[in-house]
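Hi,

Here is the structure I promised to pass on. Have a look at it first, then read my notes below.

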Amino acid sequence: MLNDLLARNEAWSKQRHAEEPDYFTRLAALQAPEFFWIGCSDSRVPANVVAGLDPGEVFVHRNVANIVHSSDMNLLSALEFAVEALQVREIIVCGHYGCGGVKAATEDLPHGLADHWLEPIRRLARAYAVDLGREPDLEARRDRLAE
C-alpha cells in the first residue's frame with residue numbers, strides 16, 4: 001500500500017509539473033497564506049479542498065475535533081507562527097457535522113487519552129446544556145455542539 005501511495009505521489013507530481021512547469025518552484029519560493037485554519041483531523045475534511053483554496057493559500061493545524069486546547073503547545077506554536085511570521089489575516093476554527101470527536105465527547109464511555117483531550121467540548125456542552133436541549137435529537141445536539 002505504501003508503494004502505491006508513493007507511485008501515486010510521483011504520478012501527481014509529474015502531472016502537476018506538466019500542467020504548470022513552475023508550480024513547485026512558485027510554492028517553494030514563498031508562503032504567504034491569508035488564513036490560519038484550525039480544523040478536525042477527519043480525513044474527509046481537508047482545509048484547502050473544502051475551502052476551495054490552492055496549496056499555499058491556507059496554513060493548517062488539525063487535531064481531533066478541532067479543539068483549541070490551552071495545553072496544546074503544538075497548536076499554540078502554530079498559532080504564534082501564523083500570526084507573527086506569516087501575518088495571516090484571518091483565523092478560522094472549523095468544525096463539521098458528524099464529527100467523531102464531538103460524538104466521543106458526548107458519550108458516557110471511556111476513550112483513553114482522548115478523554116483528556118475532549119474535556120473542552122464536554123465543558124462547552126455543560127455550559128450550553130439548555131440551548132443544546134432544544135434540539136430534537138442527539139445527532140442534532142451533536143451537530144449544534146460542533147457549530
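Which residue in S2 is the bridge partner of Phe 36? That partner is Phe 59.

Before the rest, a word on the basis: this is a predicted model, where local features need pLDDT of at least 70 and side-chain atom pairs count only at pLDDT 80 or more, while totals for chains, interfaces and linings use all residues. Residues are numbered from 1 along each chain as its sequence is written, and side-chain values use heavy atoms, with hydrogens and water left out.

Pairing here needs at least two DSSP bridges between two strands. S1 (residues 35-40) has 5 of its 6 residues buried, and buried means under 20% relative accessible area with a 1.4 Å probe, protein chains only. S1 and S2 share 6 bridges, and Gly 39 has Arg 62 as its partner in S2.

Asn 63 counts as buried because its relative accessibility is 7%. Leaving out residues up to four places away in sequence, Asn 63 touches Gly 39, Cys 40, Ser 41, Asp 72 and Trp 117; touching means heavy atoms within 4.5 Å.

Cheers

Definitions and conventions:
Buried < 20%, exposed > 50% of the residue type's maximum accessible area, 1.4 Å probe, protein only. Helix = DSSP H or I, 4+ residues; strand = E, 2+ residues; numbered from the N terminus.
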